[in-house]
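Here's a quick walk through some strand pairing and ring contacts. Have the model open as you read.

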Amino acid sequence: MSVVDLRRFKNKHAKLVREKTLFLFFPTVAVIGAGIGGTSAAYYLRQKFGKDVKIDVFEKGKVGGRLATLNVQGQEFESGGSIIHPLNLHMKRFVKDLGLSAVQSPSGLVGVYNGETLVYEESSWFIINMIKLIWHYGFQSLRMHMWVEDILDKFMRIYRYQSHDYAFSSVEKLLHSLGGDDYLGLFNRSLLETLQKAGFSEKFLDEIITPVMRVNYGQTTNINGFVGAVSMSGTDPGLWAVKGGNKLVCSRLLQASRSNLVSGLVMSIEEKTRTKQTGNPSKVYEVVYQTGSETHSDFYDIVLVATPLNRKMSNINFLNFDPPIEEFHQHYEPLVTTLIKGELNSTVFSSRALNEFHLGTVLTTDNPDLFINSIGLVSPVEEDNNPQPKADTAHVWKIFSAAALTKEQILKLFVSYDYAVKQSWLAYPHYTPPEKCPSIILHDQLYYLNGIEFAASAMEMSAIAGYNAALLAYHRWNGNTHMIDQEDLYERLKTEL
Ligand SMILES: Cc1cc2nc3c(=O)[nH]c(=O)nc-3n(C[C@H](O)[C@H](O)[C@H](O)COP(=O)(O)OP(=O)(O)OC[C@H]3O[C@@H](n4cnc5c(N)ncnc54)[C@H](O)[C@@H]3O)c2cc1C
Ligand SMILES: CC(C)=CCC/C(C)=C/CC/C(C)=C/CSC[C@H](N)C(=O)O
């Protein structure tokens, strides 16, 4: 090779390296959905890929998605995701790092109504509660608490894995890394089967566990054992919410991620081949979206889908993929949140008049004659644990029901009411274990976050999925295969700081 040839070769090589370096460090990224999943993904993508990467976040509705509020006569109340567990460390960290603050969630007394009578009623005296629980159910309540605590203990391992940058390519692998086959077993079997095998009585399951599944997931003990445990942890003490509304976390994450918010509806994603300056073809994704009556499109190297993929919720078409992207037909549970400011008709639930009725929440058993899942007192998003009415104003109650309440139904529950407002949701997956979680990697650089909801749907789960997808995209972009799907992580990380 002559000196000239050598110089030419070196120049060409340098150009290739330069281009690859640019290509490696500056991909363009699209995130579809600005709920807690999409905005946390954008936040972590920025942390991993650095300041020069272009990140566009598409949102067809409001930032926050299923984190939203409703206005009742000048005050805002949570209408979607409302309570956060004290051990939900990503949510905790967001609030701290984004300059937000926490308020304690209302923790009034709880009763369980079976359509005829209150089968269980909490007392404000701890010791009386203990005696009541043991009297009715033996030590099952304590055993249940220990069962949930054990699952939560293992769940906490995810924070260590993620802080060391490890990512998972499937929800099943993520669950397995937390608690091995037992954890996967929880996901693959119904809560009912798991708890029956563990010796819990029918009475305890009907009167305590089912009502908790109904208030939290609008379903019965036929849901999987993992989401059942998450739901039970939603009765732990110390639950909290974000002052001003949980949706503030999403808008602050978006701001902190320095992403561009594109207010538009994504209609399709298509794999395309583009020829780079080098003449080398490269794969990109064309995202076609609608803003008002206009249709636009842009090209991205990486796409993260952060919304449930089904016709009713996102309706995104995947075009020209070979093999085609799998179709998702998973059913989401319809649920209506109704907020009512009024005077409760306490005699529906007990013979006591309102001034002697001290329950803050009434849960219900699985009785087809009941038209509500639950009813509970709520505080405005600005206030701490204080569902007290200001002088001569009525309380605000939150009702969850499978269908919208009729006026007759509202008038059955309330002696009188000043104001009622409702929001209809496709709230959470309808859980039918055993089932397969949708893949996280849909295509080479196309990722799907919401499969995690099939393990359990909660704010923290979406934040974990957002972090995982950002790490996965980063590692796959850079060829860091050793950071993905590592086995025995818990044992290996025990010895690392
Ligand atoms: C009534 C209710 C109560 C709940 N209570 C709790 C609770 O107390 N605690 C808890 O932890 N969790 C709770 N949850 C669950 C929690 O709210 C959800 O798991 C979580 O908010 C899901 O966030 P996400 O970002 O994954 O999805 P979403 O919030 O659904 O975000 C997806 C976003 O994508 C947008 N989008 C969809 N399609 C497109 C498209 N084609 N183009 C552009 N944008 C699109 C949507 O508009 C939406 O904003 C509750 C949920 C409901 C409905
Ligand atoms: C993810 C982990 C480990 C814990 C989350 C625990 C949690 C906050 C569970 C609640 C989940 C949920 C979907 C609640 C819906 S209803 C909430 C509340 N009862 C209300 O009245 O709004």
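## Ground rules

S11 and S12 make a hairpin with two residues between them, and Gly292 in the turn has a positive phi of about 60°. A word on the terms: helices (H or I, at least four residues) and strands (E, at least two) are DSSP runs, numbered from the N terminus, and two strands pair if DSSP finds at least two bridges between them.

This is a predicted model, in which local features need pLDDT of at least 70 and side-chain atom pairs count only at pLDDT 80 or more, while totals for chains, interfaces and linings use all residues. Residues are numbered from 1 along each chain as its sequence is written, chains are lettered from A and ligands numbered from 1 in the order in which they are written, and side-chain values use heavy atoms, with hydrogens and water left out.

## Strand S11 and its neighbours

On one side of the story is S10 (residues 265-275), which runs antiparallel to S11 (residues 281-291) and is joined to it by 10 bridges. Ile269 has Val287 as its bridge partner in S11.

S11 also pairs with S12 (residues 294-300), again antiparallel, through seven bridges. Here Val288 stands opposite Ser297 in S12.

## Rings that reach across the sequence

There are 22 aromatic pairs in the structure; rings of Phe, Tyr and Trp (its six-membered ring) pair if their centres lie within 6.5 Å, with planes under 30 degrees apart counted as stacked, over 60 as edge-to-face and the rest as tilted. Tyr285 and Phe321 have ring centres 6.1 Å apart and planes at 25°, so they are stacked. Tyr285 lies in S11 and Phe321 in the loop between S14 (317-319) and S15 (332-344), so the pair ties together parts 36 residues apart in sequence. Tyr285 is buried (under 20% relative accessible area; exposed is over 50%, partly exposed in between, with a 1.4 Å probe and protein chains only), at 3% relative accessibility. Phe321 is buried too, at 7%.

Then there's Tyr332 with Phe454: centres 6.1 Å apart, planes at 80°, so edge-to-face. Tyr332 lies in S15 and Phe454 in the loop between S21 (446-448) and helix H13 (459-478), so this pair ties together parts 122 residues apart in sequence. Both Tyr332 and Phe454 are buried.

Tyr43, Tyr44, Phe94 and Tyr467 form one aromatic cluster.

A charge sits over a ring if NZ of Lys or CZ of Arg is within 6 Å of the ring centre and within 35 degrees of the ring normal. Arg143 lies over the face of Phe200, 4.4 Å from the ring centre, and Arg157 lies over the face of Tyr490, at 3.6 Å.
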